[in-house]
Amino acid sequence: MKHSSHPEIIRRLKQAHGQLAATLSMFDDGRSCLDLAQQLQAVESVIHNAKRALIQDHMAHCIGDAIGEPRMSAEQAMREFKALSKYL
């Protein structure tokens, strides 16, 4: 299922992809461990934010919108929320 947040999430993941590629080049260039750690932190942060946006979108639209409709019971919603929470 595609959501309106997906293009922004994809943009963030492409940004992380570019940062990771640059970080790999930094290894080849012999950059300092501090520089490498900073870049890896930046990659991790972008991925974390993309994941958070995806999970929040799913909770709001897939779970939230489905509650109260015949598509999902409160029990099913709680199970799905619990499954998602391990990725927060």
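The legends below describe several views of a predicted model of one protein.

**View 1. The helices of the protein.** The protein contains 3 helices and 0 strands, and its elements, followed from the N terminus on, run in the order α-α-α.

**View 2. The overall dimensions of the C-alpha trace.** Along its principal axes, the C-alpha trace of the protein spans about 60 × 25 × 15 Å. The radius of gyration of the protein is 18 Å, whereas a compact globule of 88 residues would have a value near 12 Å. Among contacts in the protein with a separation of 6 or more, 54% are made by residues 24 or more positions apart.

**View 3. The surface and the charged side chains.** Of the 88 residues of the protein, 23% count as buried, and the accessible surface comes to about 6300 Å², with 59% of that area belonging to carbon and sulfur atoms. The protein carries 11 positive and 10 negative side chains, and the centres of these two sets lie 3 Å apart.

**View 4. The largest nonpolar core.** This core has 6 residues in all, namely Ile55, Ile63, Ala66, Met72, Ala77 and Leu84. At least two residues of the core come from α2 (33-63), and at least two come from α3 (74-85). In soluble globular proteins, nonpolar side chains tend to be buried together.

**View 5. The surroundings of Leu84.** Leu84, one of the residues of the largest nonpolar core, touches Ile55, His58, Met59 and Ile63 when residues up to four places away in sequence are not counted.

Terms used:
Residues are numbered from 1 along each chain as its sequence is written. This is a predicted model: local features need pLDDT of at least 70, side-chain atom pairs count only at pLDDT 80 or more; totals for chains, interfaces and linings use all residues. Side-chain values use heavy atoms; hydrogens and water are left out. Helices (H or I, at least four residues) and strands (E, at least two) are DSSP runs, numbered from the N terminus. The radius of gyration is taken over C-alpha atoms; the globule rule is 2.2 Å times the number of residues to the power 0.38. Buried means under 20% relative accessible area, exposed over 50%, partly exposed in between (1.4 Å probe, protein chains only). Contact means heavy atoms within 4.5 Å. Accessible areas come from the Shrake-Rupley method with a 1.4 Å probe; for residues, only the protein chains shown count as cover. Lys and Arg count as positive and Asp and Glu as negative; His and the chain ends are not counted. The place of a charge is taken as NZ of Lys, CZ of Arg, CG of Asp or CD of Glu. A nonpolar core is a set of buried Ala, Val, Leu, Ile, Met, Phe, Trp, Tyr and Cys residues joined through side-chain atoms within 4.5 Å.
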